[in-house]
Amino acid sequence: AADALAAATELPCGAPAMPERVDDVQYLPFDAVPRCGPWYGAAVDALRTAARRDGNVGVRAAALAQLARLRAVPELAVGLSDAHAPTRLRVIAALGSLGAHAEEHRCVAPLERALASDGDAKNRGAALECLGELGDPAEALDRVATRDGDVDNRLRAVAWLGTLGRAKTLRGVCLVDGGPAVRSLAAATLGEVFRRQNFAGPEGA
């Protein structure tokens, strides 16, 4: 099986060797992947199987790193179910990076799933940050992040809501959040959003 995986993942496009950590990935150019030939589907299938089933966390991480490098977003997203929290965190980071490089339409939904369901507060915070960087197109920060069980994540969500100008959600957070620090930040952020949207001068308009 190891030989088959090695053969399937050999890169005939002259690409450098792949690091084993998702957060060290150097992605193939977006338009290079389809030109790499018929090996692509076989490689992705083998890597997906390894990422999902291999009993060694290092092997799973290496397979996920290759999937990230090949921009195989749906297959990479299987890593969000990995039992190893640091591996899930690296997958989240890779999805965020891919989303910033012409893959946003495929990366947003997996990041939303991580935000809603990852059992590790650090991982949910990372997904929150990635979605904020992508502009939170589906408004997951409004629907999910403001209800996160971790106070620090809710504070992060409030900060992003201010950056994104989500005044309606901020008003709700001001009134109902169970954490005084979150309500206080929401109130201050709401005031800043209102000022920015209604009193911006010619240079800030």
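View A. Just after α3, the backbone of Arg 71 takes a positive phi of about 60°, although Arg 71 is not a glycine. This is a predicted model in which local features need pLDDT of at least 70 and side-chain atom pairs count only at pLDDT 80 or more, while totals for chains, interfaces and linings use all residues. Residues are numbered from 1 along each chain as its sequence is written, and side-chain values use heavy atoms, with hydrogens and water left out. Arg 71 sits in the loop between α3 and α4 (73-76), where helices (H or I, at least four residues) and strands (E, at least two) are DSSP runs numbered from the N terminus. Arg 71 counts as buried because its relative accessibility is 8% (buried means under 20% relative accessible area, exposed over 50% and partly exposed in between, with a 1.4 Å probe and protein chains only). Val 44 is 27 residues from Arg 71 in sequence, and their C-alpha atoms are 9.8 Å apart in space.

**View B. Helix α3 and the cap at its N-terminal end.** Asn 56 caps the N-terminal end of α3, with a side-chain oxygen 2.8 Å from the backbone nitrogen of Gly 58. Helix α3 has 13 residues (57-69), so at 1.5 Å a residue it should span 18 Å, which agrees with the 18 Å between its end C-alpha atoms (the expected span is 1.5 Å times one less than the number of residues). Among the buried residues of α3 are Arg 60, Leu 64, Gln 66 and Arg 69.

**View C. The contact of helix α8 with helix α9.** The axes of α8 (residues 151-164) and α9 (residues 167-176) come within 9 Å and cross at roughly 145°; axes are lines fitted to C-alpha atoms over the stretch in contact, and angles run from 0 to 180 degrees between N-to-C directions. Val 158, Leu 161 and Gly 162 of α8 make the contact with Thr 169, Leu 170 and Val 173 of α9, where contact means heavy atoms within 4.5 Å.

**View D. Glu 139, in the loop between α6 and α7.** Glu 139 is found between α6 (121-133) and α7 (140-143), and its phi is near 60°, a positive value in a residue other than glycine. Glu 139 counts as partly exposed because its relative accessibility is 40%.

Terms used
A polar contact is a pair of N or O atoms within 3.5 Å; within protein, one must be able to donate a hydrogen and the other to accept it, and residues adjacent in sequence count only if both atoms are side-chain atoms.
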